[in-house]
Amino acid sequence: MIPARWLDYLYPPSCHFCDAPLRKGRYLCDACRAKLHPIATPFCLRCGMPFDGALPDHFECHQCRGQDLSFEFARAAYLARDEARELMHSFKYEKQLHLHRDLASLAADAWDDPRLATQTAPPWTLVPVPLHWRRKQWRWFNQAEEIARTLARERNLPLVKALRRVRYTTQQTRLHRRARLENLRGAFRLARRVARRQPLRGKPVLLIDDVFTTGSTANECARVLKAEAGAEKVVVLTVLRG
Ligand SMILES: [Zn+2]
Ligand SMILES: [Zn+2]
């Protein structure tokens with residue numbers, strides 16, 4: 001992790017979108033941030049999908065109803081639209097690693113959700129969704145890990161790199177829901193150190209990823225974290241929702 005003052009030197013901070021001058025490793029100005037689409041109620045209490053209009057309390061969407069999900073619920077801070085999508089694209093694919101602080105700060109906006117905010121004793125342990133080493137080698141960083149590490153430091157929460165991706169899976173987007181789950185079976189294992197020491201046993205885990213789309217990756221990670229690491233519960237927090 002590069003300290004903010006070095007980043008300021010390496011990439012003189014100005015807004016990613018409007019070039020307004022900024023400080024302390026920030027690359028998104030308040031005006032441009034205000035243009036993003038935060039996810040606010042009403043949304044599905046399981047998958048975080050927002051809906052228009054009035055919804056009953058404890059609403060679950062038709063995708064989630066009757067589903068046997070391994071995570072308690074998934075919460076994303078912003079919709080993956082327009083500038084938010086562009087920001088994440090620059091971070092992930094153009095390797096603009098200096099954006100990690102702004103992305104973590106966007107994710108932190110989901111702390112408005114009392115289901116996240118009230119978990120304090122014990123606090124959340126953050127676990128990033130891992131990349132396969134081959135993909136990581138190509139991209140040279142794991143976007144989820146960078147966001148999780150920044151979030152952990154800023155909110156003073158423990159972070160455990162609990163999972164490893166043992167199978168290189170093809171892009172999931174073209175597959176149907178059932179096929180996606182099958183495709184991911186056995187794709188994740190516990191990191192050896194975590195399997196040995198079991199630091200997550202009985203703890204509430206916040207699984208961190210960049211974008212939530214179908215939820216099948218998160219679901220498989222949550223399954224492993226509960227079944228093999230003994231996590232008390234797993235909640236998914238992402239910066240964006242597709
Ligand atoms: Zn701006
Ligand atoms: Zn749902």
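Student: Where in the chain is Gln198?
Tutor: Gln198 lies in the loop between helix H9 (192–197) and strand S5 (204–212). Helices (H or I, at least four residues) and strands (E, at least two) are DSSP runs, numbered from the N terminus. This is a predicted model, in which local features need pLDDT of at least 70, side-chain atom pairs count only at pLDDT 80 or more, and totals for chains, interfaces and linings use all residues. Residues are numbered from 1 along each chain as its sequence is written, while chains are lettered from A and ligands numbered from 1 in the order in which they are written.

Student: Why is Gln198 called partly exposed?
Tutor: Gln198 has 14 other C-beta atoms within 10 Å. With C-beta atoms placed from the backbone, a residue is buried at 20 or more such neighbours, exposed at 12 or fewer, and partly exposed in between. The count of 14 is in between, so Gln198 is partly exposed. Its phi is positive, about 50°, although Gln198 is not a glycine.

Student: What makes Lys95 partly exposed?
Tutor: Lys95 has 13 C-beta neighbours inside 10 Å, so it too falls in the partly exposed class. Lys95 is in the loop between H3 and H4, and has a positive phi of about 55° without being a glycine.

Student: What makes helix H4 mostly covered?
Tutor: In H4 (residues 100–108), seven of nine residues are buried. They are His100, Arg101, Asp102, Leu103, Ala104, Leu106 and Ala107. The cover includes strand S1 (74–79), helix H3 (82–93), helix H7 (143–155) and strand S6 (233–241).

Student: Why are H4 and H7 called roughly perpendicular?
Tutor: The angle between them is about 65°, with the axes 8 Å apart. Axes are lines fitted to C-alpha atoms over the stretch in contact, and angles run from 0 to 180 degrees between N-to-C directions. Angles under 35 degrees are roughly parallel, over 145 roughly antiparallel, 65 to 115 roughly perpendicular and the rest oblique. H4 and H7 therefore count as roughly perpendicular.

Student: Which residues make the contact of H4 with H7, and how do they divide by class?
Tutor: From H4 come His100, Arg101, Leu103, Ala104, Ala107 and Ala108, and from H7 Glu146, Ile147, Thr150, Leu151, Glu154 and Arg155. By class there are six nonpolar, two polar and four charged residues. Ala, Val, Leu, Ile, Met, Phe, Trp, Tyr, Cys and Pro count as nonpolar, Asp, Glu, Lys and Arg as charged, and the others, Gly among them, as polar.

Student: How many helices and strands does the protein have, and why is it called as compact as a globular protein of its length?
Tutor: There are ten helices and six strands. The radius of gyration, taken over C-alpha atoms, is 18 Å, close to the 18 Å from the globule rule (2.2 Å times the number of residues to the power 0.38) for 242 residues, so the protein is as compact as a globular protein of that length.

Conventions: Two residues are in contact if their C-beta atoms, placed from the backbone, lie within 7 Å.
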